[in-house]
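Hello,

Please find the structure below. My notes on what was found follow it.

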Amino acid sequence: MKRLYTIELATKLADRVYEYWIRAPQVAEHARAGQFVILRLHEKGERIPLTISAVRGDTVRVIFMTVGKTTEELATLGAGDSISDVVGPLGKPSEIENYGTCCVIGGGVGIASTPLIAKELKEAGNHVIGIIGARNADLLILEDEMEEICDEFYITTDDGSKGVHGFAADVLKKLLEERKIDRVWIIGPAIMMKVTSGATVPYGVKTYVSLNPIMVDGTGMCGSCRVTVAGETKFACVDGPEFDAHQVDFAELMQRQRIYTTQEKESLERFAEHRCRCGEGGHHHE
């Protein structure tokens with residue numbers, strides 16, 4: 001009998017954003033900041049990478065946004081349901097040391113990665129500044145958790161509905177002008193990571209970004225997650241997912257992320273049709 005992975009808790013955090021605590025003892029035991037898991041819902045399912053957002057006992061937390069067929073299908077599951085495979089922890093952990101003052105920045109669903117990094121930095125003796133940003137207040141997640149972990153905490157919204165009206169980059173620029181920041185981590189959409197990491201260039205502050213290219217096997221075999229860093233080809237799954245932001249070819253990354261847009265759209269439409277035919281509403285965790 002194959003051991004399945006049980007969803008212990010399923011919560012909807014924001015529009016199309018879900019938080020699942022999944023029982024996966026072997027992953028929980030070894031997981032570190034910056035690492036990820038690959039999930040497969042069932043034998044015919046595709047493999048999708050999700051960041052490990054937190055660990056509690058023998059459960060790991062993943063936070064995802066419904067963007068394609070698999071995440072839509074995942075969102076129909078609830079507490080008590082099982083998924084077929086959880087492989088991990090994969091990728092290299094964040095380079096955590098006592099650097100001094102560190103800034104951890106999350107944008108949109110990328111905020112999911114920030115608590116574990118902030119927590120490990122804090123435990124290593126750093127003064128931790130957290131900045132989280134989203135398009136509007138409704139899309140902010142993990143505010144209370146990040147505020148509790150960090151020594152200083154800032155919120156930004158593009159529309160000014162909460163916190164600072166503007167982008168995470170604006171807050172970062174201000175902080176860099178005022179004092180010495182030793183290390184910066186940025187996790188979010190590619191364009192946000194590109195723009196925000198640009199702020200640290202004039203100050204020469206080592207900045208890490210967590211890259212999310214298309215990934216298939218997660219073990220460096222298929223090469224679909226290749227990215228160019230400092231002019232060299234790297235595989236995000238085994239060489240990363242964190243890289244030196246100032247050396248990443250973001251233009252190439254963004255172009256490659258769009259490579260399967262048509263197929264993804266088709267797959268999602270077929271899944272929606274199938275659900276309608278089956279009359280399946282799925283679980284709702286409102």
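Where is Ala-28 found? Ala-28 sits in helix α1, which spans residues 25-30. Helices (H or I, at least four residues) and strands (E, at least two) are DSSP runs, numbered from the N terminus.

Before going on, some ground rules. This is a predicted model, so local features need pLDDT of at least 70 and side-chain atom pairs count only at pLDDT 80 or more, while totals for chains, interfaces and linings use all residues. Residues are numbered from 1 along each chain as its sequence is written, and side-chain values use heavy atoms, with hydrogens and water left out.

Back to Ala-28. Ala-28 counts as buried because its relative accessibility is 8%. Buried means under 20% relative accessible area, exposed over 50%, partly exposed in between (1.4 Å probe, protein chains only). Leaving out residues up to four places away in sequence, Ala-28 touches Val-55, Gly-57, Asp-58, Thr-59 and Val-60. Contact here means heavy atoms within 4.5 Å. Gly-57 is 29 residues from Ala-28 along the chain, yet their C-alpha atoms are separated by 7.1 Å.

Next, the sheet. It is open and has 7 strands, in the order β12-β11-β10-β9-β13-β14-β17, with mixed pairing. Two strands pair if DSSP finds at least two bridges between them. The edge strands are β12 (164-165) and β17 (242-244), and each pairs on one side only. β9 (residues 101-107) and β13 (residues 183-187) run parallel, with 5 bridges. Cys-102 has Arg-183 in β13 as its bridge partner.

Two helices meet these strands. α3 (residues 114-123) packs on the sheet and touches β9, β10 (127-134), β13 and β17. Its direction makes about 175 degrees with that of β9. α6 lies across β9, β13 and β14 (206-210), at about 160 degrees to β13. Axes are lines fitted to C-alpha atoms, for helices over the stretch in contact, and angles run from 0 to 180 degrees between N-to-C directions.

Which residues of α6 (residues 190-198) are buried? They are Ala-190, Met-192, Met-193, Thr-196 and Ser-197. Seen down the axis of α6, these fall within an arc of 160 degrees, so they line one face of the helix. The arc is that of the directions from the helix axis to the C-beta atoms.

Last, the cysteines. A disulfide is a pair of cysteine sulfur atoms within 2.5 Å. The count is 0 disulfides. Cys-102 is buried, at 0% relative accessibility.

Best wishes
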